[in-house]
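The sequence and structure come first, and the description follows.

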Amino acid sequence: MILDIYKDALEYSAKDWKTLVILGVICLFSFLFLPAFLITGFNYRVINTAVHGIINGRDPLPGFDDPIDMFIDGVKVVIVQVIYLIVPMIIFLVFALIAGHISGIASGVLIFIGCLITLVVGVAACLMSQMGICHMAYNDGAFSKAFALSEIKEVIDEIGWFECILTYIGLIIIVFVISVVVTTLIGIIFALFGVSGAFLGVDPSGILLLGTFINSTIAMFIVGPYLSIFASRSMGLLYTMQI
């Protein structure tokens, strides 16, 4: 099941390269803050398509029509994510405050325990938030459904907590590996060109600068958008495993 989800999501994310470029352009202006919500809103549309579809189906990539609705959806998603992260943040702050009033080894041990508990609760909170967003999408965007904890827990129970956590962690690993591999390969290629140029008496700094520029461009306009769609599609399809 998990591998089928990844396979579908990897193929789905590469359906339309123009969509990746458009997302990259929006990402380019995300420093203005507001475009970031458009990206989140688009990913929500990917989730919405997935929760109403099937693995290995012929779901199309969503469009960029009605940007106001897409923006509003993005705001809703960010609010959901922030609210779910409040609990692990509070847990960490409590341990940090207590540790601040203790000295010596006990303080370090307490911080370690606090970080460990925060990590476990944080992973659970992230999973719950993602499934909450999927649950919201499945229920026609009803914001309250993102916090229907009993319903969301029931969904996860039906899928299986182990399968959900394994899929989520695997998703993080895949995103990390693809990012590192692409960045490393491009870096190696231009480093080799730089070394070759140095042997020929050419200043390698220009080649390395070009490589950095191309690396950043590919990351922003292709790899980043591709992985965001991949992650959204994967979580949406995971949600369908209980239907």
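## Terms and basis

Buried means under 20% relative accessible area, exposed means over 50%, and partly exposed lies in between (1.4 Å probe, protein chains only). This is a predicted model, in which local features need pLDDT of at least 70 and side-chain atom pairs count only at pLDDT 80 or more, while totals for chains, interfaces and linings use all residues. Residues are numbered from 1 along each chain as its sequence is written, and side-chain values use heavy atoms, with hydrogens and water left out.

## Cysteines

A disulfide is a covalent bond between the sulfur atoms of two cysteines. With a disulfide taken as a pair of cysteine sulfur atoms within 2.5 Å, a search of the whole structure finds zero. Cysteine 115 is in no disulfide, and its nearest cysteine sulfur, that of cysteine 126, is 15 Å away. Cysteine 115 is partly exposed, at 35% relative accessibility.

Cysteine 126 is also partly exposed, with a relative accessible area of 23%. The closest cysteine sulfur to that of cysteine 126 belongs to cysteine 134; the distance is 13 Å, too far for a bond.

## Helices H2 and H3

Helices (H or I, at least four residues) and strands (E, at least two) are DSSP runs, numbered from the N terminus. Helix H2 covers residues 17–28 and helix H3 residues 34–51; their axes come within 8 Å and cross at roughly 150°. Axes are lines fitted to C-alpha atoms, for helices over the stretch in contact, and angles run from 0 to 180 degrees between N-to-C directions. Angles under 35 degrees count as roughly parallel, over 145 as roughly antiparallel, 65 to 115 as roughly perpendicular and the rest as oblique. H2 and H3 are therefore roughly antiparallel to each other.

Contact means heavy atoms within 4.5 Å. On the H2 side the contact involves Thr19, Leu23, Ile26 and Cys27, and on the H3 side Pro35, Leu38, Ile39 and Phe42. By class, this contact has seven nonpolar, one polar and no charged residues. Here Ala, Val, Leu, Ile, Met, Phe, Trp, Tyr, Cys and Pro count as nonpolar, Asp, Glu, Lys and Arg as charged, and the others, Gly among them, as polar.

## Helices H5 and H6

The axes of H5 and H6 come within 10 Å and cross at roughly 105°, so the two helices are roughly perpendicular to each other. H5 contributes Leu127, Met128, Met131, Gly132 and His135 to the contact, and H6 contributes Leu149, Glu151, Ile152, Val155, Ile156 and Ile159. These residues divide into eight nonpolar, two polar and one charged.

## Nonpolar cores

A nonpolar core is a set of buried Ala, Val, Leu, Ile, Met, Phe, Trp, Tyr and Cys residues joined through side-chain atoms within 4.5 Å. The largest has 32 residues, of which Leu127, Met131, Ile133, Ile156, Met235 and Leu238 touch the most other members. Elements that give two or more residues to this core include helix H4 (67–100), helix H5 (105–138) and helix H7 (161–199). H5 gives the most, with seven residues.

Serine 232 is found in helix H8 and is buried, at 9% relative accessibility. Not counting residues up to four places away in sequence, serine 232 touches Asn43, Val46 and Ile47.

Isoleucine 222 is found in helix H8 and is partly exposed, at 33% relative accessibility. Leaving aside neighbours within four places in sequence, isoleucine 222 is in contact with Trp17, Leu20 and Thr217.
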